[in-house]
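I hope they are handy to have beside the structure.

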Amino acid sequence: MSHQTALGIPQLDRLINSIPGGSTVALVNDPGVEAEPFLYQSAYQHLHQGRTIIYGVFNRAPSAVLRGLKEYGFDIEPYKSRLHFLDAFSPLMGASENARYTFRTPNDLGRFGALLAQIHKDHPDALLILDSLSTLIDNSSLAAALQSVADAHASMKRFSMALALFTRWPYGDDFTRLLETFDCVISLRGVEDRVLLNQYFVVDRAVWSRAIDHRPVLYKAIKPGGVFVYIPKVVVTGPYHAGKSTFVQTLSDTAVSVNRLGTTVALDHGHLTIDGLTADIFGTPGQERFDPLLKTIAGQALGVIVVVDSTRPDTLARAKEMMELTGKQALPMIVAANKQDLPGALKPAEVAKRLGVPDHIRVVGCTGQDKESARMVLRELLNQIMTKVVD
Ligand SMILES: Nc1nc2c(ncn2[C@@H]2O[C@H](COP(=O)(O)OP(=O)(O)OP(=O)(O)O)[C@@H](O)[C@H]2O)c(=O)[nH]1
Ligand SMILES: [Mg+2]
């Protein structure tokens, strides 16, 4: 109970710092926004670190949780002996899955706290996950359920950490007050953008840290993989033949380029995951006739990579023009001095000098066909984007 701990979701942990032992964390999702991947990832990370998990499940059977873990790629097989279920679903269905602990709503509401205290006695070092307490509320009277959870809060605090999921239904002021008793509240929200649901998390409150960043962070839950911070769009631009398509292809887990006679005539599109981040990456054509497109696409970007051919100083004026065309000098931007493998390639510092870029725009050397090299460039840019989004 004294251990510091973490949620096991790196970008979220970065926002809330480490969690003091005995903290209660409420994860509150908007209806329709998937929260389970957060719980799965947290459960898995702790099991992987040798901890014990008590997984309370209220709206589906424990076997469904095991399936969910598997779908997200969290292989808990080696740690099964340290994962114990509190099954509050099967007893209601008149079924049994032989879970270690069972709970029946509404009959057992009055003994919720006592049950958690008993479980804690059996597993003093465990972390507690409750998925989800909204189901508990929905299966009984609102007032009785809220009272039961409020009474059980002291028992939750005995665990190294208690992570409880709620869905943000209009439960009223009593629910809002209940949330206030939790040490930390994290919201999972969704914004509809035509057909696409963008999901983001935001830390509303954490008692152990005064300097919490309340800015929303976009994420995607990926099967397999779990929760990734999502950087919607990175644009790769630069002069004709500089190596943009090659760069996008090298970087991406999946990518499509449409080339005709060796030049790109549509947007290169790739998708990739790197260091807990996921990004869509778009390469523009280099020819001038596509310049109007460049302006539009850069308008929706979060960052720009300008690829230049380091063996072709004569194309640097065009590169400069394209940087201006993006019309977004305020956007995080980085220059990849490409084709460093070729003889006569200008060094990045020389490219920077000839481009005459302002100091805050970094110029880094790169070889477009080399994965590590391309990833270095992207990492630089993503760091810039993340410090803008997170800090
Ligand atoms: N030696 C070397 N060749 C490279 C490198 N990057 C790209 N190339 C080559 O440069 C040529 C042009 O590369 P592309 O990726 O098609 O360039 P692009 O910028 O997409 O070109 P456009 O779409 O026509 O503007 C290809 O022959 C690539 O194989 C590099 O780092 N080193
Ligand atoms: Mg191309």
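1. Lys-339 sits in the loop between β17 and α12 (348-355); helices (H or I, at least four residues) and strands (E, at least two) are DSSP runs, numbered from the N terminus. Its phi is positive, about 65°, although Lys-339 is not a glycine. Lys-339 counts as buried because it has 23 C-beta neighbours inside 10 Å. Here a residue is buried if 20 or more other C-beta atoms lie within 10 Å of its own, exposed if 12 or fewer, and partly exposed in between, with C-beta atoms placed from the backbone.

2. A word on conventions: this is a predicted model, in which local features need pLDDT of at least 70 and side-chain atom pairs count only at pLDDT 80 or more, while totals for chains, interfaces and linings use all residues. Residues are numbered from 1 along each chain as its sequence is written, and chains are lettered from A and ligands numbered from 1 in the order in which they are written.

3. Asn-17 also has a positive phi without being a glycine, near 60°. Asn-17 is placed in the loop between α1 (10-16) and β1 (23-29), and with 14 C-beta neighbours inside 10 Å it counts as partly exposed. For context, most residues other than glycine have a negative phi, and most peptide bonds are trans.

4. Please look at the cis peptides too. One joins Asp-131 and Ser-132, with omega about -10°; Ser-132 lies in the loop between β5 (127-131) and α6 (133-138). Another runs from Lys-223 to Pro-224, with omega near -10°, and Pro-224 lies in the loop between β9 (217-222) and β10 (226-237).

5. Now the ligand. The shell around ligand 1 holds 19 residues, the closest being Gly-243, Thr-263, Thr-264, Gly-286 and Gly-368; a residue is near a molecule or strand if its C-beta atom, placed from the backbone, lies within 6 Å of it. The elements giving two or more residues to this shell are α9 (244-251) and β13 (263-264), and α9 gives the most, with three. By class the shell has four nonpolar, 12 polar and three charged residues, where Ala, Val, Leu, Ile, Met, Phe, Trp, Tyr, Cys and Pro count as nonpolar, Asp, Glu, Lys and Arg as charged, and the others, Gly among them, as polar.

6. Helix α9 is largely enclosed by the rest of the structure, because six of its eight residues are buried. Those residues are Lys-244, Ser-245, Phe-247, Val-248, Thr-250 and Leu-251.

7. Thr-326 is in the loop between α11 (316-325) and β17 (333-338). With 20 other C-beta atoms within 10 Å, Thr-326 is buried. Not counting residues up to four places away in sequence, Thr-326 touches Thr-237, Leu-294, Ala-298, Val-304 and Leu-331; two residues are in contact if their C-beta atoms, placed from the backbone, lie within 7 Å.

8. Contacts between α7 and α8 (residues 173-180) are worth a look as well. Leu-146, Val-149 and Ala-150 in α7 meet Asp-174, Phe-175 and Leu-178 in α8. This contact has five nonpolar residues, no polar ones and one charged.

9. Finally, the overall picture: the protein has 13 helices and 18 strands, and its C-alpha trace spans about 80 × 40 × 40 Å along its principal axes. Buried residues make up 46% of its 391 residues.
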